[in-house]
Amino acid sequence: PFLDSTGLSPRPWFLCDDDNKGYLSREEFKVAVVLLFSYKPSKVEVDAVMSSVKPENSGILFEKFLDLMSARKAAQLYNSETWQIFTAFDVQSRGFLTFEDFKKTFNSVSSKLPESVIPEAFREVDQDSDGCISFKDFESAMKYGQDEGSLLYFA
């Protein structure tokens, strides 16, 4: 199948725009997302996309669809990579990192930093102060300083 530079196949677009009108209606958009990601977008997600459609268009145009799906694909890849990193640090597969896990990981990555930095970094990452770093804590730390808007799926 033909893939564009984003790694996405435009085939779902062409399957859903079967009468070649040049845009996808609300329902066609939902079907195209299911075909691409095996995931049905929520009403809120579809509303966000459709609210961006210009009044002179009757649906979402191909370029806009491709931009949105590329952003979704990038977010999906980023989340997968973050999970892979977290599970590599969680060597005991508990679903969280203890201070000792964090310390070992920190030392293996950056052994030249002063020992006093590790507890401080742990406290920063452990957002709920429960003494463990959950995936949610870890993910927030990984996203720190990034443009949050770039990670939105559809809006």
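Predicted model: local features only at pLDDT ≥ 70, side-chain atom pairs only at ≥ 80, totals over all residues.
Q: What describes the packing of two helices?
A: Two packed helices are described by the angle between their axes and the distance between the axes. For α2 and α3 the axes come within 11 Å, and the crossing is right-handed.

Q: Which residues make the contact of α2 with α3?
A: On the α2 side they are Arg26, Phe29 and Lys30. On the α3 side they are Lys43, Val46, Asp47, Val49 and Met50. By class, this contact has four nonpolar, four charged and no polar residues.

Q: What makes the phi of Asn20 worth a remark?
A: Most residues other than glycine have a negative phi. Asn20 is not a glycine, yet its phi is positive, at about 55 degrees. Asn20 is found in the loop between α1 (11-16) and β1 (23-24).

Q: Why is Asn20 called exposed?
A: The relative accessible area of Asn20 is 64%. The cut-off for exposed is over 50%, so Asn20 is exposed.

Q: Where is Ser93, and what is its phi?
A: Ser93 lies in the loop between α4 (62-89) and β3 (96-97). Ser93 is also not a glycine and has a positive phi, about 50 degrees.

Q: How do you know whether Ser93 is buried or exposed?
A: Buried requires under 20% relative accessible area and exposed requires over 50%. Ser93 has 66%, so Ser93 is exposed.

Q: How do you know that the buried residues of α5 line one face of the helix?
A: The buried residues of α5 (residues 99-109) are Asp101, Phe102, Thr105 and Phe106. Seen down the helix axis, these residues fall within an arc of 125 degrees, so they line one face. On the other side of α5, Lys104 and Ser108 are exposed.

Q: What do the buried residues of α5 pack against?
A: They pack against α4, β3, α6 (117-125) and β4 (133-134).

Q: Which residues of α7 are buried, and what do they pack against?
A: In α7 (residues 135-143) the buried residues are Asp137, Phe138, Glu139 and Lys143. The buried residues of α7 pack against α4, β3, α6 and β4.

Technical notes
Residues numbered from 1 in each chain as written. Heavy atoms only, no water. Axes fitted to C-alpha atoms, helices over the stretch in contact; angles between N-to-C directions. Helix = DSSP H or I, 4+ residues; strand = E, 2+ residues; numbered from the N terminus. Left-handed = near helix turned anticlockwise from the far one by under 90°. Contact = heavy atoms within 4.5 Å. Nonpolar A, V, L, I, M, F, W, Y, C, P; charged D, E, K, R; others polar. Buried < 20%, exposed > 50% of the residue type's maximum accessible area, 1.4 Å probe, protein only. Arc of directions from axis to C-beta.
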